[in-house]
Amino acid sequence: MNIWHGMDEIPADVGSTVVTIGVFDGVHRGHQELISAAVERARSTGQESVLVTFDPHPVSVFLPERAPLALATFDQRMAVVDKMGIDHVMVIDFTVEMAGWSPQEYVDRLLVGKLHASHVIIGENFTFGKDAVGTPAVMEQLCQPHGISVNVITLLHDRHVDDDTLICSTAVRKFLAAGDVGSARWALGRPFSVYGPIVRGAGRGGKELGFPTANQYFPENLALPADGVYAGWLVVEGANSPVDGNITPGVAYAAAISVGTNPTFGDDERSVESFVLDREADLYGFSATVHFVERIRAMEKYDSLDELLAAISRDVDEVRKVLRQDLDASSGDATVAAEYYLQDSPSKD
């Protein structure tokens with residue numbers, strides 16, 4: 001998959017393309033319908049597929065105070081898109097100047113002048129151009145003189161729990177804010193995950209508690225699940241050197257994950273801390289992806305170290321149960337990584 005940063009990087013000799021446009025924040029199941037339609041159309045007509053997206057989010061440019069929390073980093077979004085078979089990604093640096101483009105300019109300068117589009121696929125809530133005056137109907141009207149066909153995909157609703165839910169980025173953020181990572185997984189079509197470097201924390205996890213953790217910190221504009229303890233999987237990614245210990249890069253290991261500020265110790269910096277079950281390794285300096293499966297409990301403050309240790313022990317037992325069910329449900333399907341690791345007993349090998 002090629003990534004073009006800005007219109008100037010688009011090759012002059014690019015052929016006829018099938019284009020889908022959007023922010024694609026999180027690349028949830030609704031976004032996946034658009035991407036799949038573009039890939040299928042391009043392959044069936046012998047053309048190349050192009051996904052046009054924005055970085056940063058357009059709202060953060062002209063209404064920064066209303067900018068939504070990001071559901072994924074740019075690299076995470078691109079990894080999902082790549083797996084779906086898109087040929088090219090065109091990343092628009094959404095400046096104030098581009099925010100002033102009229103819908104006609106979008107079509108003439110981008111779709112016709114640069115991408116040589118023959119077909120455009122958008123969602124029914126897609127808007128474009130200055131003051132968001134461009135609608136799917138406007139897109140069809142402006143594309144018709146150029147012989148560009150437009151396919152407008154209906155928003156994806158699906159039955160969830162006891163209601164018919166619109167699958168959208170707003171819904172995913174709502175689920176995460178409630179700690180409902182199971183519903184977020186349903187909307188995304190995969191576990192919600194975060195990726196980042198493992199850094200040194202307060203150092204008390206292994207020394208004082210006997211539960212060493214992999215500590216990660218993230219920008220405030222990135223969505224995280226509500227504070228609490230979660231069951232999930234940790235994967236060390238892209239290691240260029242061997243890991244000192246018994247963790248293998250690329251393998252998903254069972255983890256008890258704490259999201260929050262450690263109220264028992266008075267810490268005020270929010271972090272994601274993963275205790276990898278039954279493994280021991282020095283992970284400082286490596287990066288990892290943490291996949292959230294289920295919330296175990298809310299964050300609590302304990303009056304003594306003994307109370308905290310007892311709670312962590314209960315958490316670990318519950319994490320084993322939850323992840324065993326998750327592993328059995330996957331039936332070996334590599335939805336998280338090429339291989340899972342979950343040991344039934346706390347013994348070390």
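Asp227 is partly exposed, at a relative accessible area of 28%; partly exposed lies between buried (under 20% relative accessible area) and exposed (over 50%), with a 1.4 Å probe and protein chains only. This is a predicted model, where local features need pLDDT of at least 70, side-chain atom pairs count only at pLDDT 80 or more, and totals for chains, interfaces and linings use all residues. Residues are numbered from 1 along each chain as its sequence is written, and side-chain values use heavy atoms, leaving out hydrogens and water. The structure holds seven salt bridges, each a side-chain nitrogen of Lys or Arg within 4 Å of a carboxyl oxygen of Asp or Glu.

**Arg270 and Asp227**
- Asp227 forms a salt bridge with Arg270, with the closest N and O atoms 2.6 Å apart.
- The pair links distant parts of the chain, 43 residues apart: Arg270 is in the loop between β13 (251-260) and β14 (271-276), Asp227 in the loop between β10 (214-216) and β11 (228-237).
- Helices (H or I, at least four residues) and strands (E, at least two) are DSSP runs, numbered from the N terminus.
- Arg270 is partly exposed, at 34% relative accessibility.

**Arg173 and Asp25**
- A salt bridge joins the side chains of Arg173 and Asp25 (2.5 Å, N to O).
- Arg173 sits in helix α7 (residues 169-177) and Asp25 in the loop between β2 (17-21) and α1 (29-45), so the pair ties together parts 148 residues apart in sequence.
- Arg173 and Asp25 are both buried.

**Arg297 and Asp315**
- The side chains of Arg297 and Asp315 form a salt bridge (2.8 Å, N to O).
- Strand β16 (residues 287-298) holds Arg297 and helix α10 (residues 305-330) holds Asp315, so the pair ties together parts 18 residues apart in sequence.
- Arg297 and Asp315 are both buried.
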